[in-house]
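Here are my notes on the model, point by point. Please read them with the structure open.

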Amino acid sequence: MTSPLPSISGLADLAGRYDAVLSDVWGVVHNGVEAFPTAVEALAEFRKAGGKVVFITNAPRPSGPIVEMLDRLGVHREAYDAIVSSGDATRTMIAKYRGKPIHHVGPATDDDALYEGLGVRRAGADEAEVVVVTDLDTDDDTPEMYRDRARLWLSRKLPMICANPDRVVEHGDKIIYCGGALGDLYAAMGGMVLMAGKPYQPIYEEAFRLAEVAAGRPLDKSRVLAIGDSVRTDATGAAKFGVDLLFVTGSIHAAELDAFGKPDPQAIADLVAPSRAHMAGFLPRLSW
């Protein structure tokens with residue numbers, strides 16, 4: 001990316017160039033506490049104009065419970081056609097351990113739906129055959145707090161399935177660590193880490209398939225727009241899949257980019273550049 005792109009005023013500036021949107025959820029459509037009304041409106045308006053919207057999220061749960069969560073947060077169903085989650089893709093990995101013990105890391109009950117019907121048994125790390133990470137145990141945890149536990153996993157040569165590749169996420173007015181940060185720690189220690197969510201291709205292929213189903217016809221990737229707030233997952237995933245990116249600066253990168261003050265377009269371009277994503281534009285919060 002050799003030159004900065006101008007900020008756009010809203011999705012309406014780009015809508016005519018695209019038939020479908022693959023939109024990140026957490027950080028773009030809501031912050032874990034409440035929906036961003038302008039984002040919900042923007043996606044609903046895009047659909048009214050004939051576009052299709054598929055939510056593509058690294059949430060470590062199947063898409064069914066995510067729909068219920070979006071309802072509670074105020075993300076109405078007129079804003080999207082379908083959802084694909086990292087949890088959906090991860091279940092395929094976990095299914096290979098049917099009948100075997102797995103060691104769960106993350107909130108004790110929040111992610112039960114991830115295992116439903118797969119026939120695996122939760123167990124301690126001393127007898128498990130794989131570690132499955134949905135997130136850190138609490139929002140106040142840091143990855144470094146898990147180093148001693150990770151040494152045990154490593155000593156037993158346990159692979160790690162990371163259901164949420166995100167490193168951090170916006171939660172209300174805080175930034176908290178996610179499962180991907182623990183995956184990074186384990187990989188740095190020499191452990192094997194497997195991920196299926198963004199930026200990896202399986203989740204994008206399924207999102208694109210769902211967009212084509214919603215459209216009722218084949219789609220051209222040149223007319224598909226990814227929307228996201230993370231360079232590591234959204235920008236890199238869009239680049240690898242070959243679709244344009246609308247970058248939302250006012251979430252996890254808000255402070256470093258002065259997203260709501262006087263953002264420097266060159267600084268934004270430089271931040272995104274290592275991903276090799278083609279940016280269609282940027283804005284602090286998604287709006288129409």
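**Notes on the predicted model**

1. In the protein chain, 72% of the contacts with a separation of 6 or more are between residues 24 or more positions apart. Contact here means heavy atoms within 4.5 Å.

2. Basis. This is a predicted model: local features need pLDDT of at least 70, side-chain atom pairs count only at pLDDT 80 or more, and totals for chains, interfaces and linings use all residues. Residues are numbered from 1 along each chain as its sequence is written, and side-chain values use heavy atoms, with hydrogens and water left out.

3. Overall fold. The protein chain has nine helices and 13 strands. These are DSSP runs numbered from the N terminus: helices are H or I with at least four residues, strands are E with at least two. The C-alpha trace spans about 55 × 40 × 30 Å along its principal axes. The radius of gyration is 19 Å, which agrees with the value near 19 Å for a compact globule of 288 residues. That radius is taken over C-alpha atoms, and the globule rule is 2.2 Å times the number of residues to the power 0.38.

4. Surface and burial. Of the 288 residues, 55% count as buried. Buried means under 20% relative accessible area, exposed over 50%, and partly exposed in between (1.4 Å probe, protein chains only). The accessible surface of the protein chain is about 12,200 Å², and 52% of that belongs to carbon and sulfur atoms. Areas come from the Shrake-Rupley method with a 1.4 Å probe; for residues, only the protein chains shown count as cover.

5. Charge. There are 30 positive and 40 negative side chains, and the centres of the two sets lie 6 Å apart. Lys and Arg count as positive, Asp and Glu as negative; His and the chain ends are not counted. Each charge is placed at NZ of Lys, CZ of Arg, CG of Asp or CD of Glu.

6. Aromatic pairs. The structure holds four. In one of them, the ring centres of phenylalanine 208 and phenylalanine 241 are 5.8 Å apart and the planes are at 65 degrees, so this pair is edge-to-face. Phenylalanine 208 sits in helix α6 (residues 201–215) and phenylalanine 241 in helix α7 (residues 231–241), so the pair ties together parts 33 residues apart in sequence. Both phenylalanine 208 and phenylalanine 241 are buried. Ring pairs also link Tyr204, Phe208 and Phe241 into a cluster. The criteria: rings of Phe, Tyr and Trp (its six-membered ring) pair if their centres lie within 6.5 Å; planes under 30 degrees apart are stacked, over 60 edge-to-face, and the rest tilted.

7. Helix α7. What covers its buried residues? The cover includes α6, β11 (224–228), β12 (244–248) and α9. Eight of the 11 residues of α7 are buried. Among them are Val231, Asp234, Gly237 and Phe241.

8. Backbone points to check. A cis peptide bond joins lysine 198 and proline 199, with omega about 10 degrees. Proline 199 is in the loop between β10 (193–195) and α6. Lysine 157, not a glycine, has a positive phi near 55 degrees. Lysine 157 lies in the loop between α4 (147–155) and β7 (160–162), and is exposed at 73% relative accessible area. Aspartate 258 also is not a glycine, and has a positive phi of about 50 degrees. Aspartate 258 is in the loop between α8 (254–257) and α9 (265–272). At 39% relative accessibility, aspartate 258 is partly exposed.

9. Strand residues. Valine 53 is in strand β2 (residues 52–57). Its relative accessible area is 0%, so valine 53 is buried. Beyond its neighbours within four places in sequence, valine 53 is in contact with residues including Val21, Leu43, Phe46 and Tyr80. Isoleucine 175 is in strand β9 (residues 174–177). This isoleucine is partly exposed at 46% relative accessible area. Leaving aside neighbours within four places in sequence, isoleucine 175 is in contact with Val168, Val169, Glu170, Ser251 and Ile252.

10. Another loop. Buried or exposed: which is lysine 96? Lysine 96 is exposed, with a relative accessible area of 66%. Lysine 96 lies between α3 (86–94) and β4 (101–105). Its C-alpha atom is 14 Å from that of alanine 128, 32 residues apart along the chain.
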